[in-house]
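This report describes how two chains meet in a predicted model. It then turns to one helix and to the nonpolar core.

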Amino acid sequence: MTGSEIAIALVIGVGFGFFLEQGGMGSARKLAGQFYLTDFAVLKVMFSAILTAMLGLFWLGRLGLVDVGRVFVPETYLWPHLIGGAVFGLGFVMGGLCPGTSCVAASTGRLDGVALMLGMGAGIVVFNEGFARVASFYDSSPLGTVTLGDLAGVSPGLAVLAVVVAALGAFRLAEAIERRRAAR
Amino acid sequence: MTGPSPRQERPYLDPYLAGIGLGLVLLAAFVFVGRGLGASGAFASVVASGASLVAPEHAASIPAYAAYAPEGPRSLFDEWLVWEMIGVFAGGALSAWLAGRFRRTIERGPRVTDRARLALAFGGGAIMGVGAKLARGCTSGQALSGGAVLSVGSWLFIVGAFGAAYLAAPLFRREWT
């Protein structure tokens, strides 16, 4: 990597860590609130970030300012994504932090963040050592680079609109549940 | 100018505003680097570098290690995600320091011990390490970044992760209440 590439990576990382901490994402107790329906900050931070980046990229592409085809889209492996996600979710609710937020927790003095980071390393070692046993599953059900729009057979613009509507609905629901909890 | 004293803890930013800030950072990564944010990939790189340092022949024989560190430990600092995560540490610490939120503590509910909380954090991390490897990414690389470019796999990851977390949540309620 060149010096300027490293500088860009560092600046983007600082912004990432800064806004995670600003949103309270370095606090395991706050994140846990998402799973006990007492604090919806995780949903609000995550989906407003997704909407912002998605809409920004969509319109920059539409205006011809950015070549959207150059942006990396993760390939889909149907079952590994779903099952890997479920395994991840179990660890998430048990540990109270995710890999990125554990680093923010650790960098703000939380020792549970450090413990979670060490656990992540151990889990990756376990996975790699046992890789031969899961290799066929790991590469199973490949669908290639496929987006929600491709899947539904609609234009990218309509897919973006659908995600916006779904996220706004989720925000409304979260606000309603929080209001009801506050009233009790 | 005097900074906020460590005892005056400022409240967190409005979550929607924090999310918009995060989204603009993610957008900058898309536009200027052509890729999204990540976290678990940096952990995988560190593990792979460590493995190729401790047991080079063994690590080279397992594709899951080799994919991350083809040339051994020196390549760690050729990884975009490693630099980005160094930035995350600095950015998190900076934000907490500015807001007077830096605390040397172990976050937990009143009914569990520090030791139990650390064990649960370690165990949860280990399970997430396996899950993130299987799903080729975590909440950063899949949910946030892949989600914003509408990758089907990333949305399957979101469904799987939050579905399982809600199902398992009653098992860990004591950790927080």
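## Contact between the chains

In this predicted model, 104 residues of chain A are in contact with 110 residues of chain B. On the side of chain B that touches chain A, the elements giving two or more residues are helices H1 (15-33), H2 (40-54), H4 (63-66), H5 (80-98) and H6 (114-134), together with H7 and H8 of chain B. The most comes from H1(B), which gives 18 residues to this side.

By residue class, the side of chain B that touches chain A comprises 71 nonpolar, 27 polar and 12 charged residues.

## Helix H8 of chain B

Helix H8 of chain B covers residues 152-168, 17 residues in total. From its first C-alpha to its last it reaches 24 Å, close to the 24 Å expected at 1.5 Å a residue.

H8(B) is mostly covered, with 12 of its 17 residues buried. Among them are B:Trp155, B:Leu156, B:Phe157, B:Ile158 and B:Phe162, as well as B:Gly160 and B:Ala161. In chain A, the buried residues of H8(B) pack against helix H2 (28-35), strand E1 (76-77), helix H4 (78-95), strand E2 (142-144) and helix H8 (148-152). In chain B, they pack against helix H7 (139-148).

## The nonpolar core and B:Ala161

The largest nonpolar core has 109 residues, of which A:Ile50, A:Ala53, A:Met54, B:Leu22, B:Leu26 and B:Ala161 touch the most other members. Helix H3 (residues 41-62) of chain A supplies the largest share of this core, 12 residues.

B:Ala161 is also one of the buried residues of H8(B). Leaving aside neighbours within four places in sequence, B:Ala161 is in contact with A:Gly85, A:Ala86, A:Phe88, A:Gly89, A:Phe92 and B:Ala143.

Note on methods:
Residues are numbered from 1 along each chain as its sequence is written. Chains are lettered from A and ligands numbered from 1 in the order in which they are written. This is a predicted model: local features need pLDDT of at least 70, side-chain atom pairs count only at pLDDT 80 or more; totals for chains, interfaces and linings use all residues. Helices (H or I, at least four residues) and strands (E, at least two) are DSSP runs, numbered from the N terminus. The expected span of a helix is 1.5 Å times one less than its number of residues. A residue is buried if 20 or more other C-beta atoms lie within 10 Å of its own, exposed if 12 or fewer, and partly exposed in between; C-beta atoms are placed from the backbone. Two residues are in contact if their C-beta atoms, placed from the backbone, lie within 7 Å. Ala, Val, Leu, Ile, Met, Phe, Trp, Tyr, Cys and Pro count as nonpolar, Asp, Glu, Lys and Arg as charged, and the others, Gly among them, as polar. A nonpolar core is a set of buried Ala, Val, Leu, Ile, Met, Phe, Trp, Tyr and Cys residues joined through C-beta atoms within 7 Å.
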